[in-house]
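Reader: I am new to this structure and would like to learn how to read its surface and its confidence values. Could we go through them one feature at a time?

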Amino acid sequence: MNRKVIKLLNSYTRKKETEKKVLTGEQRVSRRRTLLFSSLMLMVAGILLVMALHQHHQNSLLKDEVVSNEEILENKITEVRDLEQKIKQLNDDDYIMRIARSEFFLSEEGEIIFNLSSDEDDESVASENGTGE
């Protein structure tokens with residue numbers, strides 16, 4: 001039983017075929033537009049992701065630099081405090097007098113300075129004399 005379908009060529013079938021062709025053409029255009037916009041959105045999302053990763057990397061590098069610079073700043077601040085303390089001491093006449101007396105053996109009029117050796121020198125002198133203290 002071999003059956004053939006014969007198309008009727010009337011205005012109704014022609015109209016339906018034309019509508020079908022138009023509909024498939026519109027669907028094809030719609031798919032192309034969707035594909036184009038989705039690929040553009042995917043590219044934009046990829047670019048934004050790459051930029052975000054780059055910014056994150058730059059941010060971590062800057063944080064490390066800030067930490068190292070803060071350490072340097074703290075060291076400099078303590079150094080400045082020490083130097084300010086030294087300046088205060090050097091402006092004190094009593095301190096200068098003590099330094100001059102101890103390191104440079106300066107004396108006032110009529111004073112005699114005796115240089116007493118340190119403990120290590122005492123031990124070496126004692127062992128030479130044979131006392132062994």
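Reader: Is Phe37 buried or exposed?

Author: Residues count as buried under 20% relative accessible area, exposed over 50% and partly exposed in between, with a 1.4 Å probe and protein chains only. Phe37 has a relative accessible area of 51%, and is therefore exposed. This is a predicted model, in which local features need pLDDT of at least 70 and side-chain atom pairs count only at pLDDT 80 or more, while totals for chains, interfaces and linings use all residues. Residues are numbered from 1 along each chain as its sequence is written, and side-chain values use heavy atoms, without hydrogens and water.

Reader: Where is Phe37 found?

Author: Helices are DSSP runs of H or I with at least four residues, numbered from the N terminus. Phe37 lies in helix α1, residues 11-90. The protein has 3 helices and 0 strands, and buried residues make up 2% of its 133 residues.

Reader: How does α2 compare with its expected span?

Author: The expected span is 1.5 Å times one less than the number of residues. Helix α2, residues 93-104, has 12 residues and reaches 16 Å from its first C-alpha to its last, close to the 16 Å expected. Just after α2, Phe105 takes a positive phi of about 55°.

Reader: Where is confidence lowest, and where is it highest?

Author: Confidence is given by pLDDT, the predictor's value for each residue from 0 to 100. It is lowest in helix α3, residues 119-129, at a mean of 52, and highest in α1, at 95. For the protein, the mean pLDDT is 85, and 86% of residues reach 70 or more.

Conventions: Helix = DSSP H or I, 4+ residues; strand = E, 2+ residues; numbered from the N terminus.
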